[in-house]
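Here are some friendly notes to read alongside the model. Please keep the sequence and the 3D view open as you go through them.

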Amino acid sequence: MKKTSHILTDSFNRAHTYLRISLIERCNLKCTYCMPEDGIPLSPRNYLMTYEEVYRIAKTFVDHGVTKIRLTGGEPFIRKDIHVILKKLASLGIELSITTNAVLVDKYIGVLKECDIKSINVSLDTLNREKFTQITRRNEFERVYKNMLLLIKEGFKVKINVVLIKGFNEEEVINFIELSKHYPVTVRFIEFMPFNGNKWDLSKLVSYAQIMDMVHAHYSKANIKRIQDAPNDTSKNYKVSDYKGSFSVISSVTNPFCDSCNRIRLTANGKLKNCLFSDGEEDVLTPLRQGKDIEPIIHRNVMSKKKIRNGLETIESFQEQDAHSKNRSMIAIGG
Ligand code: SAM
Ligand code: SF4
């Protein structure tokens, strides 16, 4: 196995082997928790990475030890050159995966298989058609649900991302877990996180502890098994006995997993973000276009990574609006 070179190891000795690349800032859904009501100011088209630039930057990371790349967005499948990007990145011999809202995914089953993509994360926050329209501001529930089932049928390992918001969908926790009875999916409950313009406040958070209270109120303790977390796993994983699938909780707010963080993010306009919560970014696209060496820039960005959530060490620190309101909206980071 290739060793991670020093440029991807931070001052807390965390080796960064997982690169998440956002391919586009636009989306065909408009989820309220992700995108501000009036949208976001989009980068001019020539500020976005071309497929060649995505490949060149990704290759630099792979040459220094990255073994896994996830494509995200905005919605990655609305990029016209997504086929080319998938094929070029697949040629790097890394584990390649993608996070999607699944609206268009049925058109890409062939290329996903050709690129040996095994695991796909699908975002779906409710099993109720009207609520889906309310949260995504678009009427696409049937298409998304059908496409999620299609991915399962086609043999992909499907993880369903569910952002829980108090008063909106927390009552669906058990219905989502019941999906794992019949289908080999992993349902991942994600704590609602604050970003610029998403009207976050602590009272809307459904915490890991509250989710587990709902689980234990419904299933007997003996029926819920804790599954061993994989190294660098961000989720706490569980299974209901005899169910085909599993469920997990991503507790970025109440229970951060920064100690073992191996992630680094590249935004669609070519900026490095060393943490989901960091407001500072490092431009690699402009220097790449100027023919400069981007390795020292990558190293500087990795070295400036803070120990915990860009300094948001406690749950109380989230109450300070200023602490997170300067961060980009999630739509422009990519999750
Ligand atoms: N469009 C794709 C999708 O929805 O899967 C990829 C981009 S989306 C930004 C990536 C993930 O971020 C989604 O699973 C979404 O639910 C999650 N996300 C967006 N805003 C969030 C927030 N405020 N808190 C927690 N997760 C969020
Ligand atoms: Fe689009 Fe995904 Fe954000 Fe929803 S969560 S608006 S689908 S990028």
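1. First, some ground rules. This is a predicted model, in which local features need pLDDT of at least 70 and side-chain atom pairs count only at pLDDT 80 or more, while totals for chains, interfaces and linings use all residues. Residues are numbered from 1 along each chain as its sequence is written, chains are lettered from A and ligands numbered from 1 in the order in which they are written, and side-chain values use heavy atoms, with hydrogens and water left out.

2. Let's begin with ligand 1. Which residues come closest to ligand 1? Its shell holds 21 residues, and the closest are Tyr33, Gly74, Ser123, Asn161 and Met193. A residue belongs to such a shell if one of its heavy atoms lies within 4 Å of the molecule. By class, the shell of ligand 1 contains 8 nonpolar, 11 polar and 2 charged residues. Here Ala, Val, Leu, Ile, Met, Phe, Trp, Tyr, Cys and Pro count as nonpolar, Asp, Glu, Lys and Arg as charged, and the others, Gly among them, as polar.

3. Next, the polar atoms around ligand 1. An oxygen atom of ligand 1 is 2.5 Å from an N or O atom in the side chain of Ser123. Backbone atoms take part too: a polar one of Gly74 is 3.0 Å from a nitrogen atom of ligand 1, and a polar one of Thr100 is 3.2 Å from an oxygen atom of the ligand. On its own, ligand 1 has 550 Å² of accessible area, and the protein covers 95% of that. Accessible areas come from the Shrake-Rupley method with a 1.4 Å probe; for residues, only the protein chains shown count as cover. The elements giving two or more residues to this shell are β3 (95-100), β5 (157-164) and β6 (186-191). Helices (H or I, at least four residues) and strands (E, at least two) are DSSP runs, numbered from the N terminus.

4. With a relative accessible area of 9%, Asn161 is buried; buried means under 20% relative accessible area, exposed over 50%, and partly exposed in between (1.4 Å probe, protein chains only). The side chains of Asn161 and Arg188 are joined by a polar contact of 2.9 Å. A polar contact is a pair of N or O atoms within 3.5 Å; within protein, one must be able to donate a hydrogen and the other to accept it, and residues adjacent in sequence count only if both atoms are side-chain atoms.

5. Now for ligand 2. Around ligand 2 there are 9 residues, of which Cys27, Leu29, Cys31, Cys34 and Asn101 come nearest. This shell divides into 6 nonpolar, 2 polar and 1 charged residues.

6. Phe141, Val144, Asn147, Met148, Leu151 and Ile152 are buried in α5. Seen down the helix axis, these buried residues fall within an arc of 145°, so they line one face of α5; the arc is that of the directions from the helix axis to the C-beta atoms. An α-helix has 3.6 residues a turn, so residues three or four places apart point the same way. On the face turned away from the buried side, α5 carries the exposed residues Lys146 and Lys153.

7. Two backbone angles are worth checking. Ala102 has a positive phi, near 70°, in a residue other than glycine. Ala102 lies in the loop between β3 and α3 (109-114) and counts as buried at 0% relative accessibility. Asp116, also not glycine, has a positive phi near 60° and lies in the loop between α3 and β4 (119-123).

8. Lastly, two loop residues. Lys118 lies in the loop between α3 and β4 and counts as exposed at 52% relative accessibility. Ile94 is found in the loop between α2 (82-90) and β3, and is buried with a relative accessible area of 14%. Along the chain Ile94 and Thr67 are 27 residues apart, and their C-alpha atoms are separated by 5.0 Å.
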